[in-house]
Amino acid sequence: MLRAFLCITFYLSISSPSYAHTINWLTHDFAPYYILNGKYQHQGRDESVITLLEQQLPHITFNRLVIPSGKVTQELANKSATHCALSLYKNAFREQFIHFSEQSSTTGLSPSIAMHKGLADSLEVPSDKAVSLYDLLAEKKLTLGVSMNRSYGEQLDSVINNTPDVDIVIRPTRNSLASLTYMLNLKRLDILLGYPSEHHYLAKSMYFEENLTQRAIVEAPPLSYGYIGCTKNEQGAKNIQLLDEQLKKIKQTEQYHQVMLRWLPAHLKPLLESRIHATKSKNDAPKL
């Protein structure tokens, strides 16, 4: 009997995946990526992707840890524990201490500007065309709102920092974008820089949706990609390999597609879909 028990135990030990354990996810209170309370609780974009992955991996426990957003990469760099985070920017510096997925975990539109609908009408800015941030600042002399210490990409940062006599309103508080959105609705600034889903969520949750609108920016790249990052240790490498395989599967589903569109305003959803399709067609084209 004892021999039979030992054989069963040995079989289970070698047949179970080595990564069949707990994956600790670093999350943070940053809507609309993670919505921790209120009317739209648990409907955040990134937390929804984690849930789709969890459904694919019923044999693994997903543990969600809430930490300040500014400490995510710091926690990932700590090799004494193994953590993962969704929708990270991947660059050469971060790859020194973080394992990144090959598959993107999120795809969205790059930063856009929010403005009052009345201003958009007076400037005759069409809703289906991208506008130049430089022209709005240098030619139209509009007042720009931005969050302190936030990068919007090399080209947009260059426009903000190098446009002469630019009028900028900066908010350093934790809820800076919400504060700036409130000011935008009161017309205390003209345009506000952020990601489209952020603008839409804040306008909707603050009941300013009927007053504000968004426009894509010509200086921004067509799409913004986020990747899964895990601690750069042995277990982190196993987690990344496993999660990469599941990303390939869930990205083919309608549920994933709807999650990527969830917090975009209606007039920008076709733009994201067309850009994703154009990128996929380019990547699928035969190499000559």
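The model is predicted. Its largest nonpolar core has 24 residues, and a second, separate core has 20. A search of the whole structure finds seven aromatic pairs.

**Nonpolar cores**

- The residues with the most contacts inside the largest core, which has 24 members, are Trp 25, Val 49, Leu 53, Phe 62, Leu 86, Ile 228 and Leu 243.
- At least two residues of this core come from each of strand S1 (22-27), helix H2 (45-56), strand S3 (84-88), strand S10 (223-231), helix H9 (234-250) and helix H10 (254-261).
- Helix H9 gives the most to this core, with five residues.
- Leaving aside neighbours within four places in sequence, Ile 228 is in contact with residues including Trp 25, Leu 53, Leu 86 and Leu 243. Among its other contacts are Ser 87, His 99, Ser 101 and Ser 105.
- The second, separate core, of 20 residues, includes Leu 144, Val 146, Ile 191 and Leu 193.

**Tyr 195**

- Tyr 195 is in the loop that runs between strand S8 (191-194) and helix H8 (196-205).
- Tyr 195 counts as buried because its relative accessibility is 11%, and the cut-off for buried is under 20%.
- Not counting residues up to four places away in sequence, Tyr 195 touches Tyr 33, Tyr 89, Leu 109, Ser 110, Pro 111, Ser 112, Arg 150 and Ser 224.
- Ser 110 is 85 residues from Tyr 195 along the chain, while their C-alpha atoms are separated by 6.3 Å.

**Aromatic pairs**

- Of the aromatic pairs, seven in number, one is formed by Trp 25 and Phe 62; this pair is tilted, at 5.7 Å centre to centre with 45° between the planes.
- Trp 25 in strand S1 and Phe 62 in strand S2 (residues 61-66) are 37 residues apart, and their pair links distant parts of the chain.
- Trp 25 counts as buried because its relative accessibility is 0%. Phe 62 is also buried, with a relative accessible area of 8%.
- Tyr 201 and Trp 263 form an edge-to-face pair, with centres 5.1 Å apart and 85° between the planes.
- This pair also links distant parts of the chain: Tyr 201 is in helix H8, and Trp 263, 62 residues away, is in the loop between H10 and helix H11 (269-284).
- Both Tyr 201 and Trp 263 are buried.
- Tyr 40 joins Tyr 201 and Trp 263 in a cluster linked by ring pairs.

**Charge over a ring**

- Lys 90 places its charged end over the ring of Tyr 227, 4.1 Å from the ring centre.

Notes. Residues are numbered from 1 along each chain as its sequence is written. This is a predicted model: local features need pLDDT of at least 70, side-chain atom pairs count only at pLDDT 80 or more; totals for chains, interfaces and linings use all residues. Side-chain values use heavy atoms; hydrogens and water are left out. A nonpolar core is a set of buried Ala, Val, Leu, Ile, Met, Phe, Trp, Tyr and Cys residues joined through side-chain atoms within 4.5 Å. Buried means under 20% relative accessible area, exposed over 50%, partly exposed in between (1.4 Å probe, protein chains only). Helices (H or I, at least four residues) and strands (E, at least two) are DSSP runs, numbered from the N terminus. Contact means heavy atoms within 4.5 Å. Rings of Phe, Tyr and Trp (its six-membered ring) pair if their centres lie within 6.5 Å; planes under 30 degrees apart count as stacked, over 60 as edge-to-face and the rest as tilted. A charge sits over a ring if NZ of Lys or CZ of Arg is within 6 Å of the ring centre and within 35 degrees of the ring normal.
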